[in-house]
Amino acid sequence: MSESEDREGRISAGAAENLALDLEEIDVGEIMRAIEERVERRRAEGVYRDLPLLELEDERTGGGEAEVSLDPLHELIFLVQLARQYAEVTSHYPIGSKRSVVGPLIVLAKKAMRRFMTPYMDALFAKQREFNAQCLRSMETFLEMIKRERERSYHGGLDRYTAWVELGFAEDDEELLREAARRFPEGEVVVHLCSGTGGFLAAARAEGRKAVGVEDDARLVRMAQERDLKVTAARPMDFLDSLPPESLRAVFLKELGERDDSRELVWMVTALADRMEREGRVVVLNHHPHSVLGVEEAFEDPTLLRLVHPDTMRALFLHAGFREVEVTPVGQYGEREIEEWRKKLEGVLEEGDGMAELLFGPRRYLLEARR
Amino acid sequence: MGDKVAFIPVRYGPQVVGGAETLTRAMVEELDARGWPVEVITTCALDPYSWTNHFPPGVEKVHGITVRRFPTESRKYTRKVFRTETRMLEGKRVSRRRQEFWIRSVVTSEAMRSWLGEHRDEYRAFVFAPYLFGTTYLGVLEVPEKSYIIPCLHDEPYAYQHIYRKLMRSARGLMFNSVPEMELARRIFGDDLPGRVVGMGFAPYGADGERFRYKYSIEGDFILYTGRREIAKNTPLLLRYFCNYLENTGREVSLALTGAGHIDIPFSFRNRVIDVGFVNQRDLRDAYAAATLICHPSTKESFSIMILEAWLAGLPCLVHGDCAVTRYHVESSGGGLWFTDYPTFHEALEFLLDNPAARKRMGERGREYVLANYSWDEVVRNFEAVLEEGEARR
């Protein structure tokens, strides 16, 4: 039997049976008894090989060098620790001898030699120590910088799936999405970047448009696919990066620049300008910062970090090279909603001329940009 | 008589890693926050192997608490010391005189000892930790009438030396970390040993496991080991068992090590054994939240802070069955499993990895146990009771 077959044999034996226990009422004493019984039964099968590490390593590598693919960060941490271990150079290593009779004499001679050599060695070692300390400090600083950068680039545990699906903060206004879909000519294939749960894809279908989504959260991709919507699992930025210039005709984005790093907004608009065909169309549906109540509603979604003013967005698109940019406020409050709010706010706010506009202004804006 | 309570750990500071030191600092900071007049008297040492003076001697404030540092005597690890220590570890008889000679080589500070003698009247109590060091032995003998010890006792050959019996019986009271530790102390030093279980308090905390995984680039199931990496803590044993487990099962699971100390990881396993080194408290708590389970293979524990902290994050644990303390925690709470050899390690780990529902329930049980038994109110009440019992015996 070859070594790999033998290993596979052990693997299958190791994973063979599961302990049949009541997991509702955990009794660790009972589990341990079951484990011990199982150990007694299987000991003879040879599934519990316990080799010393050196022997195990030799067996795996056949005495040669192992090929292991390591994460660069793990490699750096390891190297820093190794460097710490060897950075201190000293002549004060332990001196001993295994010989019982002449041993003490040998030790004495070694100690005398060391004492004689120490002043010379120390002068040499001092330079080496200084150099090692500088190298170590550089490595530690480098590692610290990487760890700090990683920490800063971590966006926190509340992702869109958790917020929208698990906590129920999704805000898909179907009518607005359908209005956005109607901005694209029929027959055009619209690409929705960051397609989320697929609300726009479904609205586009209802409006007789073809739409495909690009989404990087696997759970959201699965949800949309379960609704029979077409979604590609990819990071939208990577997706754009992979496309040749002037290869897109119709792109839809929702809440552009309202999440993640604000620098990504500029990158995204510039990349879109580069990838859109001439006369290609980008439609953006964003929150409008004009309405007080609309802003309040927008920030119910905990993944939202900021609102981008329509004038800012317009300027960015023009600056990136889009020829025509048009902004339309959408999502007006209905009469019934306004009446409900008025009742709630009665006695709290005195309604002046501008108050209704401030409170009940449009909640969203649609930006339509042509290349 | 002064009303200050002085804690005397062998090392002190936020950068100091170690169970007794962590426990002392937590206790000092909690008492300070509750308005107790506390101070710390300690050495200038940081490294637990060389014990060389790292911090400058004198008075400083650490998190608002007065810390007095005294230089240690340079350790002369002579042949005589080495032979004495070897005889102790082999369980051979060592004369009392030789024991007295030996303890003076295990971290002492003459400056600290004489300062204690001169300023004894300014303090209500001196609380020493842990039992093993010369600073504790000589300090307790200098001010026995006001001495209390947090022994952090393990079942180890040193504990059976006469000097430690003398030490324990000289103190006014002992503050144990767990019931098994107290039972061990009474078995070795006599049933009438004064003191009670005090331990350390824990409070629930928030943690983000994903943050740890992202920061340290760790994916999939992983077992967490945290603490010093050394033979005394059985880290090499865990590494050996884990590597053999990987080889025997072919499972895709990793072992993440945090903490100080060097460990030789076989090259071919380095993609599965991830050493992230020393991490700060936030990262450690995030690591508890990220891990699949925590493994604590040490057999010499008096408390095991890391298990209790990990339980607060709902993490089940796997401990060594030969450690009375950790096994006691696990059996009392139902928060994990134990192993005594490779086959039981293999099967217990397999069970935990295969049963997420059981893991979750064990983590919950552990959390309930910590919150019920180790609240700060309870700990401070017991601490005060030991002081009052000691004062009543004067």
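**A walk through two chains**

Visitor: Where does B:Pro130 lie?
Guide: Helices (H or I, at least four residues) and strands (E, at least two) are DSSP runs, numbered from the N terminus. On that count, B:Pro130 falls in the chain B loop between β5 (123-129) and α5 (134-142).

Visitor: What kind of model is this?
Guide: Residues are numbered from 1 along each chain as its sequence is written, while chains are lettered from A and ligands numbered from 1 in the order in which they are written. Side-chain values use heavy atoms, without hydrogens and water; local features need pLDDT of at least 70, side-chain atom pairs pLDDT 80 or more, and totals for chains, interfaces and linings use all residues, as this is a predicted model.

Visitor: Is the peptide bond from B:Ala129 to B:Pro130 cis or trans, and what is omega near?
Guide: Most peptide bonds are trans. The one from B:Ala129 to B:Pro130 is cis, with omega near -15°.

Visitor: And what is phi of A:Asp228 near?
Guide: A:Asp228 sits in the chain A loop between α9 (218-226) and β3 (231-233). Its phi is positive although the residue is not glycine, with a value near 65°.

Visitor: At what angle do α2(B) and α3(B) cross?
Guide: Axes are lines fitted to C-alpha atoms, for helices over the stretch in contact, and angles run from 0 to 180 degrees between N-to-C directions. Helix α2 (residues 79-89) and helix α3 (residues 96-103) of chain B have axes that come within 10 Å, crossing at roughly 115°.

Visitor: Which residues of α3(B) make that contact?
Guide: Contact means heavy atoms within 4.5 Å. From α2(B) come B:Lys80, B:Val81, B:Thr84, B:Glu85 and B:Met88, and facing them from α3(B) are B:Arg98, B:Gln99, B:Phe101 and B:Trp102.

Visitor: Which are the edge strands of the six-stranded sheet in chain B?
Guide: Two strands pair if DSSP finds at least two bridges between them. This open, parallel sheet runs β11-β10-β9-β12-β13-β14, and β9 (residues 222-226) has five bridges to β10 (residues 254-258). The strands that pair on one side only are β11 (273-277) and β14 (336-339).

Visitor: What stands opposite A:Pro329 in β7(A)?
Guide: β6(A) and β7 (residues 364-370) of chain A are antiparallel and share seven bridges. Across from A:Pro329 is A:Tyr365.

Visitor: How far apart are the centres of the two domains of chain B?
Guide: An automatic or database domain assignment sets the bounds, giving domain 1 (4-201 + 375-392) and domain 2 (209-373). Taken over C-alpha atoms, their centres are separated by 29 Å.

Visitor: Finally, what area is buried between chain B and chain A?
Guide: Buried area is the accessible area (1.4 Å probe) that two parts lose on being put together, summed over both. The contact involves 52 residues from chain B and 53 from chain A. Carbon and sulfur atoms give 57% of the buried area, which is about 4700 Å².
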